Amino acid sequence: KRILMYGRVRELALYRAAVLQDRGFSVMTPETLEEASAAIRKGGFDTVVLTYTLPNEVVQELAELLRQYCPDCPLVVISNDRRIDREIAPDQMVKANDGPSALLAALRKVTRQN
């Protein structure tokens, strides 16, 4: 499965991407908001993961783009704040402190991977 993962802390995104790649996922990690927006407009992935390191308005903007350009593509949000859930209504929400296993479980749910 192809994942688009975007967060403000590049090292953390690359770490998460490495963990997912070890589990068979293909992960794209844009470096800037412009790259993330362009990637969403272009498509070519199965799931988008946005992280808590981004400002809420950026997550909202990208979630709206995702729904416009890839309406069937699930959104997974890694967050420290439950309020983002109601504002953005992601398909799955992962608590940042729960680590890689929680992210993998959420991705399996949205991609129906066993």
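In which hand does helix 1 pass helix 5? The crossing is right-handed, meaning that the near helix is turned clockwise from the far one by less than a right angle. This is a predicted model, where local features need pLDDT of at least 70 and side-chain atom pairs count only at pLDDT 80 or more, while totals for chains, interfaces and linings use all residues. Residues are numbered from 1 along each chain as its sequence is written, and side-chain values use heavy atoms, with hydrogens and water left out.

**Helix 1 against helix 5**

- The axes (lines fitted to C-alpha atoms over the stretch in contact) of helix 1 (residues 10-22) and helix 5 (residues 99-111) come within 11 Å and cross at roughly 60°.
- Tyr-15, Arg-16, Val-19 and Leu-20 of helix 1 meet Pro-100, Leu-103, Leu-104 and Leu-107 of helix 5, with contact meaning heavy atoms within 4.5 Å.
- Sorted by type, the residues of this contact are 7 nonpolar, no polar and 1 charged.

**The nonpolar cores**

- A nonpolar core is a set of buried Ala, Val, Leu, Ile, Met, Phe, Trp, Tyr and Cys residues joined through side-chain atoms within 4.5 Å; buried means under 20% relative accessible area with a 1.4 Å probe, protein chains only.
- In the largest one, with 20 residues, Phe-45, Val-48, Leu-50, Leu-62, Leu-66 and Leu-75 touch the most other members.
- Strand 1 (2-6), helix 2 (33-42), strand 3 (47-51), helix 3 (56-69) and strand 4 (75-79) each give two or more residues to this core, and helix 3 gives the most, with 6 residues.
- Apart from this core lies another, of 18 residues, including Val-27, Ala-96, Ala-102 and Leu-107.

Methods. Buried < 20%, exposed > 50% of the residue type's maximum accessible area, 1.4 Å probe, protein only. Helix = DSSP H or I, 4+ residues; strand = E, 2+ residues; numbered from the N terminus. Axes fitted to C-alpha atoms, helices over the stretch in contact; angles between N-to-C directions. Nonpolar A, V, L, I, M, F, W, Y, C, P; charged D, E, K, R; others polar.
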